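Trainee: Could we go through this one together, slowly? I'd like to understand how its charged side chains pair up.

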Amino acid sequence: MNVGRIVTSVTIENAADLSRSLSCDALVDTGASFMVLPREWKHRLGAFESSTEIDVETATQETIRAEVCGPVRIQIQGFRPIFNEVVFVDMKPSNGDFEPLIGYIVLEQSQASVDILGHRLVPNKHIDLKSVIQDYFTEQVKFN
């Protein structure tokens with residue numbers, strides 16, 4: 001185990017065709033928002049109902065093109081499955097292996113928290129709706 005790195009198993013399935021799936025180890029990256037996969041794996045999940053090209057900023061502050069696809073079913077090992085989207089980017093393999101990322105939105109939806117001291121994911125007892133409700137009412141005030 002590398003100090004400061006949390007890697008966990010995750011399964012991603014195309015929600016429109018659950019026979020199209022992949023399982024991998026992924027780095028927990030709270031600086032990322034989505035589930036990020038190498039573009040080279042996209043064909044393994046088949047055709048998606050939705051696909052959009054967007055610009056994203058990397059950890060090195062470089063702006064690159066990415067493809068957001070979905071819906072997908074994502075299940076982090078030991079946590080409840082969720083439905084979301086994945087982001088495909090061009091990745092360079094490190095030591096011959098790609099390094100998929102699990103972002104904070106996927107973690108929150110899966111009710112997974114990062115245990116920094118134990119270098120692992122731990123279950124949340126509940127989802128915090130206070131900030132979601134506050135954000136909703138803040139947006140309503142802006143538009144009314």
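Mentor: Let us begin with a term we shall need: a residue is called buried when its relative accessible area is under 20%, exposed when that value is over 50%, and partly exposed in between. Please also keep in mind that this is a predicted model.

Trainee: Okay, so is arginine 5 buried, exposed or partly exposed?

Mentor: Arginine 5 has a relative accessibility of 28%, so it counts as partly exposed.

Trainee: And what does arginine 5 pair with?

Mentor: Arginine 5 makes a salt bridge with glutamate 99, and their closest N and O atoms are 2.2 Å apart. Because glutamate 99 sits in the loop between β6 (82-89) and β7 (101-102), while arginine 5 belongs to the segment before β1 (7-14), the pair ties together parts that are 94 residues apart in sequence. Glutamate 99, at 35% relative accessibility, counts as partly exposed.

Trainee: Why can side chains pair like that at all?

Mentor: Side chains that carry opposite charge can pair when their charged atoms come close.

Trainee: How many salt bridges are there in the whole structure?

Mentor: A search of the whole structure gives nine salt bridges. One of them joins the side chains of aspartate 90 and arginine 39, at 3.0 Å from N to O. Aspartate 90 lies in the loop between β6 and β7 and arginine 39 in the loop between β3 (35-38) and β4 (50-57), so this pair ties together parts that are 51 residues apart in sequence.

Trainee: Which of the two counts as exposed, and which as partly exposed?

Mentor: Aspartate 90 counts as exposed because its relative accessibility is 55%, whereas arginine 39, at 23%, counts as partly exposed.

Trainee: What about arginine 65, where's its partner?

Mentor: Arginine 65 forms a salt bridge with aspartate 55, with the closest N and O atoms 3.0 Å apart. Here arginine 65 is in strand β5 (residues 63-76) and aspartate 55 in strand β4, so the pair ties together parts that are 10 residues apart in sequence.

Trainee: Which residues are linked in a network of salt bridges?

Mentor: That network links Arg39, Lys42, Glu53, Asp55, Arg65, Glu67 and Asp90.

Trainee: Changing topic, where does glutamine 111 lie, and is it buried or exposed?

Mentor: Glutamine 111 is found in the loop between α1 (104-109) and β8 (112-115), and because its relative accessibility is 19%, it counts as buried. Leaving aside neighbours within four places in sequence, glutamine 111 has contacts that include Phe79, Arg80, Val122 and His126.

Technical notes: Residues numbered from 1 in each chain as written. Predicted model: local features only at pLDDT ≥ 70, side-chain atom pairs only at ≥ 80, totals over all residues. Heavy atoms only, no water. Helix = DSSP H or I, 4+ residues; strand = E, 2+ residues; numbered from the N terminus. Buried < 20%, exposed > 50% of the residue type's maximum accessible area, 1.4 Å probe, protein only. Contact = heavy atoms within 4.5 Å. Salt bridge = Lys/Arg side-chain N within 4 Å of Asp/Glu carboxyl O.
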